[in-house]
Amino acid sequence: MSESYDITVVGGGIMGCATALRLAEGNMRVLVLEKSDLCQGASGVNAGTLSLQIKRVRLMEYALRGHRIWASMGDAVGFRKTGGFTLAFNDREAQLLKERQTLKRQAGAPIEFVTPKKLLQREPEISSKVTIASYCAEDGYANSSLTGQYYRACLKAAGIPYRERAPVSAIAHGSDGFVLTTSLGQVRAKRILLAAGAWLGPLAAMLGVNLPVRARVNTVSVTEPTPPVIGSVIGHATGLLTMKQKPNGTVLIGGGWQGYGTPDAGRGCVSGKTMVPNIALARYAVPALAKARLTRSWTGFEANVPDFYPLAGDLPGVYGAYVLGCVRGGFTIGPYIGKLMGDHILGQEPELPLFDPDRSFEGVPG
Ligand SMILES: Cc1cc2nc3c(=O)[nH]c(=O)nc-3n(C[C@H](O)[C@H](O)[C@H](O)COP(=O)(O)OP(=O)(O)OC[C@H]3O[C@@H](n4cnc5c(N)ncnc54)[C@H](O)[C@@H]3O)c2cc1C
């Protein structure tokens, strides 16, 4: 393989694929290079929650637009708009819920507060210990394990070449662009987008740039198929629970509980110390789940930087290089921020601001 492109996207997750599609719409010749298969990193193993209630206030506009794109993808990604409830079980949690959701409502999320009575009318299997809940009719989920086949089909339809099992091991930068070394040979490109999720640090280092990217090791678990217990996405005031029941009866349980491991070492490992309390919280919220057996738990790496906002813009100090990643709630926001990133690379003004990777992280608590 010795080829030449206007731009090469390194990383075939949701960020890389969504940006590539926008760039091709703008008539750029794009190549996507992926070290494993498309969307087998965070984009293919996440909990699939599309919930405005767990988005950060400053990212709300991006999440609202991301929701609309997911809705348009429909059945191909297992999209379901179910509405979502976030639960509080005591005064402290109720206070937290009110504070957080009021700010999110002010930022544009259609969130209302509901009494336990109203909650139980919609979700009779939820614990009667709930003191107050918030509800957002826009919330729902998609099936992350369908993301890869969805984007593969989109890239093919757009005529965008992609290479799977083609890890980039070196990048050289000269006056006429970039030369990338992969296991399939070398690729030349005038520009380059780094969209390698939790692996962004080592890739940027190939161009002499230090990005303060870290990885969280999020855990997700799934039960065997059970009779219907919940119809909406269920969360908890602390953010430590997300739960939805799929059409096949399985219940997917997450909430950002941490496993262990590092991106370089593989997919990470589930920790019993965190998985057990995650499941206990799910069972506390929906007591009928006590009868369901868990069939599998797994982890994935979610990238972040110290301020927990995205890296989306020019790679500092390297002309023609860009970076997109570290987006909190990136499954929800990915299809939209990828379009914005594409617009920026095409020289067009994005409709919402990007997040300068060259900003200072000094003094930001890690
Ligand atoms: C377990 C878990 C649960 C989550 N739950 C949710 C949720 O419910 N809702 C939500 O909105 N968000 C959720 N997220 C966050 C969301 O999944 C991520 O923000 C998003 O998928 C990140 O997309 P990405 O394209 O930046 O990264 P990734 O999907 O990780 O893609 C990066 C790609 O780069 C490739 N790559 C790395 N190095 C190289 C190299 N040298 N050469 C070529 N390719 C390379 C990787 O193989 C990978 O495919 C969750 C994350 C995790 C891990």
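The model is predicted, with local features needing pLDDT of at least 70 and side-chain atom pairs counting only at pLDDT 80 or more, while totals for chains, interfaces and linings use all residues.

**Overall build**

The protein has nine helices and 19 strands, taken as DSSP runs (H or I, at least four residues, for helices; E, at least two, for strands) and numbered from the N terminus. Its C-alpha trace spans about 65 × 40 × 40 Å along the principal axes. A compact globule of 366 residues would have a radius of gyration near 21 Å, and the protein agrees, with 21 Å; that radius is taken over C-alpha atoms, and the globule rule is 2.2 Å times the number of residues to the power 0.38. Of the 366 residues, 51% count as buried, meaning 20 or more other C-beta atoms, placed from the backbone, within 10 Å of a residue's own.

**Strands**

Two strands pair here if DSSP finds at least two bridges between them. These are the pairings to look at:

| Strands | Sense | Bridges |
|---|---|---|
| β3 and β8 (residues 140-141) | antiparallel | two bridges |
| β12 (residues 185-194) and β19 | parallel | three bridges |
| β18 (residues 311-314) and β19 | antiparallel | four bridges |

Take the open sheet: three strands, antiparallel, in the order β3-β8-β4. Its edge strands, β3 (49-50) and β4 (80-81), each pair on one side only. Within it, Thr 49 sits opposite Tyr 141 in β8.

Now for β19 (residues 321-325), where five of five residues are buried. Ala 321, Val 323 and Gly 325 point one way, and Tyr 322 and Leu 324 the other. Val 323 is the bridge partner of Leu 194, and Gly 313 stands opposite Val 323 too. The hairpin of β18 and β19 has six residues between the strands, and Gly 317 there takes a positive phi near 80°.

**Helix contact**

Helices α3 (residues 60-73) and α9 (residues 330-345) pack at an angle of about 90°, their axes 7 Å apart. So α3 is roughly perpendicular to α9, a label for angles of 65 to 115 degrees. The contact residues divide into eight nonpolar, three polar and one charged. Among those meeting are Tyr 62, Ile 69 and Trp 70 in α3 and Ile 333, Pro 335 and Tyr 336 in α9; contact means C-beta atoms, placed from the backbone, within 7 Å.

Terms used: Residues are numbered from 1 along each chain as its sequence is written. A residue is buried if 20 or more other C-beta atoms lie within 10 Å of its own, exposed if 12 or fewer, and partly exposed in between; C-beta atoms are placed from the backbone. Axes are lines fitted to C-alpha atoms, for helices over the stretch in contact, and angles run from 0 to 180 degrees between N-to-C directions. Angles under 35 degrees count as roughly parallel, over 145 as roughly antiparallel, 65 to 115 as roughly perpendicular and the rest as oblique. Two residues are in contact if their C-beta atoms, placed from the backbone, lie within 7 Å. Ala, Val, Leu, Ile, Met, Phe, Trp, Tyr, Cys and Pro count as nonpolar, Asp, Glu, Lys and Arg as charged, and the others, Gly among them, as polar.
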